[in-house]
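Subject: Structure handover

Hello,

Here is the structure I said I would pass on. My notes follow below it.

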Amino acid sequence: MNVSHFIAKKIAFSASKSFTRIIIGIAVLAVALSMTVMILTTAIISGFKKEITDKIFGFWGHIHITDSNVSRNFELVPINQDIAAFDEIRNIASLQYEPEELKSDNTSSILGGKNSTYGGVKGVYPYILMPGLVTSKTQMHGVLLKGVSKDFDWKRMEKFITSGRSVKYQKDSATQELLLSRNIALKLKVKSGDYVILTFIRDGTQWKKRFYVCGIYNTGLEEYDRRMAMTDMAILQDILGWSGSQVQGMEVVLDDIRDLDIMDDYIYHQNLPPNIYSESIRAKFPGIFEWLSLQDINERVIMWLMILVAVINMVTVLLILILERTRMIGVLKAIGAAPWQIRKVFLYHAAYIIGAGMLFGNILGLGLSIAQKKFAFIRLDETNYYLSTAPIRLEIWSVLWINAGTFTVIILSLLIPTFLVTKITPVKALRFE
């Protein structure tokens, strides 16, 4: 029988002095609140990262492939979407690779390595980006028009459409339909079902076409919403005088975002001809990804602060418990108990307190997370946070790691104050009142 655990269980559930009960209650509350804050922090930050990255990838995919002469001013230089390289990219599955050999020209040196990607390529979609001027009955606004083909994965965008629908395609002709952002629609004073005029400049000549506003979308990402609109790529090919195989670029969508850098390097060095260039979405829009990285730092700071609060409270309550049980320590030492056995009594007692606090913290943290996910009662300023409500993404492994890590850190921190037991002598302890 574990004597230390037996004694700890007895004193943990026995009546204590009212002051000690208050201190233990405060410790339980501190651990519970720390757990609640940590669970909510992880769920919200994980939700932020997922929602915002989903919005970015809904527009842009993960990797852009364009002609190597294209500059950042959206210069329209066509590439051929029918080249064999794009079929090879579509067929990329999970890769085994060696990081140090990833940029080698020998494909066989990469395949069969020790590391494996989380997935492969989900899809490759052509696109054309073209600036234009959209005019309603009373207003006008500059837009960057993104033309996509019939095989574009509209599921990535449909969840952001607030009214109307996505672009519908015709078999034998280009579709003059337009998906506008809510930001632009409000400025133009138009809604789904209205018509607008789009003006383009080609070779110094104005081209005007009438478009039907098929839907309104809102991502909350102001950088996109204030200028982006979507339409059928075929209409832009007609305006530019390009053939059906000529596009501005190819958008690669991956199975897993964690493979972004690896796949970008692999595609660029192993699949593409020298005149074609690939760029990851992280390199294209570094600002948003740096902002997301800062959230990881915030998460770590909050975690350690909450653990520190719990540790300080538990150290305080443990010292009070030791002082309250000084006579018991003297008796145990007098009958031959080793200092480590006595220290374990208080560590077991502390474990009961920590366990109670963690139980209540998990109930409260998970409960609030589920309630926020269902009722969205925490509202945000969408212009600053890109989202109208605090997003929640609960991951069972994250919650388990928080519980295991918190318990381990607090218990290890309590090893130091239990050294006080070794300083208590039986003679002085038995005289202690």
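Helices here are DSSP runs of H or I with at least four residues, strands are runs of E with at least two, and both are numbered from the N terminus.

This is a predicted model, in which local features need pLDDT of at least 70, side-chain atom pairs count only at pLDDT 80 or more, and totals for chains, interfaces and linings use all residues. Residues are numbered from 1 along each chain as its sequence is written, and side-chain values use heavy atoms, leaving out hydrogens and water.

H8 covers residues 233–240, and six of its eight residues are buried, where buried means under 20% relative accessible area with a 1.4 Å probe, counting protein chains only. Those residues are Met233, Ile235, Leu236, Gln237, Ile239 and Leu240. They pack against several strands, including E5 (121–135), E9 (195–202) and E11 (228–232); contact means heavy atoms within 4.5 Å. At the start of H8, a side-chain oxygen of Asp232 comes to within 3.0 Å of the backbone nitrogen of Ala234.

As for the whole chain, there are 16 helices and 14 strands. Of its 433 residues, 47% are buried. The C-alpha atoms fill a box of roughly 100 × 55 × 30 Å along the principal axes. Among contacts between residues at least 6 apart in sequence, 77% join residues at least 24 apart.

Regards

Key
Buried < 20%, exposed > 50% of the residue type's maximum accessible area, 1.4 Å probe, protein only. Polar contact = N/O pair within 3.5 Å; in protein donor to acceptor, adjacent residues only side chain to side chain.
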